Amino acid sequence: QLIGVVAKESENEIVAEFFQLFKTPWEFCREDRKYDVVVAASEELPAVDADFIIFYNSGSTRFDSEQALEPGLSSEKVISADRDLSFPIYGQVVTFRKHEQTRLTLRTSKEAVAIEVSIRDKKVMRIGFDLFQEVYFLLTSGQPVEFSHIPTLDLHISILRKFILDSGMPLVEIPPVPSGYDYACCLTHDIDFAGVRRHKFDHTMYGFLYRALFGS
């Protein structure tokens, strides 16, 4: 399973960074290849050979007009992923008056932010925000304090994964843990002992003194 990606050239680096986190095979779309799934963050729905297109755009597009989706800008910026889970959007958001096959809604107004549309022999998931601009903001600026408890980037990955799997497409993903283990632990640096008095004449105290006097 290889995901095709269509994005602005200026977003190539952030696309690559996103798929370092969403560990599944991908490539920028090629004209000579057919894809099961294409993730597109483009000005218009791309003319690609794919069974399922996930189309992110935070504005009004020709596709919206053709499908009578009636897009409109929203001042509300918090999206419900399910009944108990929501996450913020930091860029522009558009909603759609056509509510058939709604997959994501705004938390308060319940307006549709993601809807599924069938056209001829393919499905399109139309999503009213820009995925890679959101990822760029999260990786470079970070979230304000009021949303710091929400794993927003993980939720973007989780939602994309769910959309692909719910469409019936298989998905190859490398879990971020060693084979045979449930989790991974990463130590970034040594932990300093603030209270040496709690380690009288033991290995910790002697090691601390040695590194402080001779090891540095």
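1. Two strands pair if DSSP finds at least two bridges between them. Strands here are DSSP E runs of at least two residues, and helices are H or I runs of at least four, numbered from the N terminus. This is a predicted model: local features need pLDDT of at least 70, side-chain atom pairs count only at pLDDT 80 or more, and totals for chains, interfaces and linings use all residues. Residues are numbered from 1 along each chain as its sequence is written, and side-chain values use heavy atoms, leaving out hydrogens and water.

2. Strand S5 (residues 71-74) runs antiparallel to S8, joined by four bridges. Gly 72 has Thr 95 as its bridge partner in S8. In S8 (residues 93-96), Val 93 and Thr 95 point one way. Val 94 and Phe 96 point the other way. All are buried (under 20% relative accessible area; exposed is over 50%, partly exposed in between; 1.4 Å probe, protein chains only).

3. Look at helix H3 (residues 131-140). Leu 131, Phe 132, Glu 134, Val 135 and Leu 138 are buried there. Seen down the axis of H3, its buried residues fall within an arc of 155°, so they line one face of the helix. The arc is that of the directions from the helix axis to the C-beta atoms. These buried residues pack against several elements, including strand S1 (3-7), helix H1 (12-21) and helix H4 (152-166).

4. Is Thr 61 buried or exposed? Thr 61 counts as buried, because its relative accessibility is 3%. Thr 61 is in the loop between strand S4 (50-56) and helix H2 (62-66). Not counting residues up to four places away in sequence, Thr 61 touches Glu 43, Glu 44, Phe 55 and Arg 126 (contact means heavy atoms within 4.5 Å).
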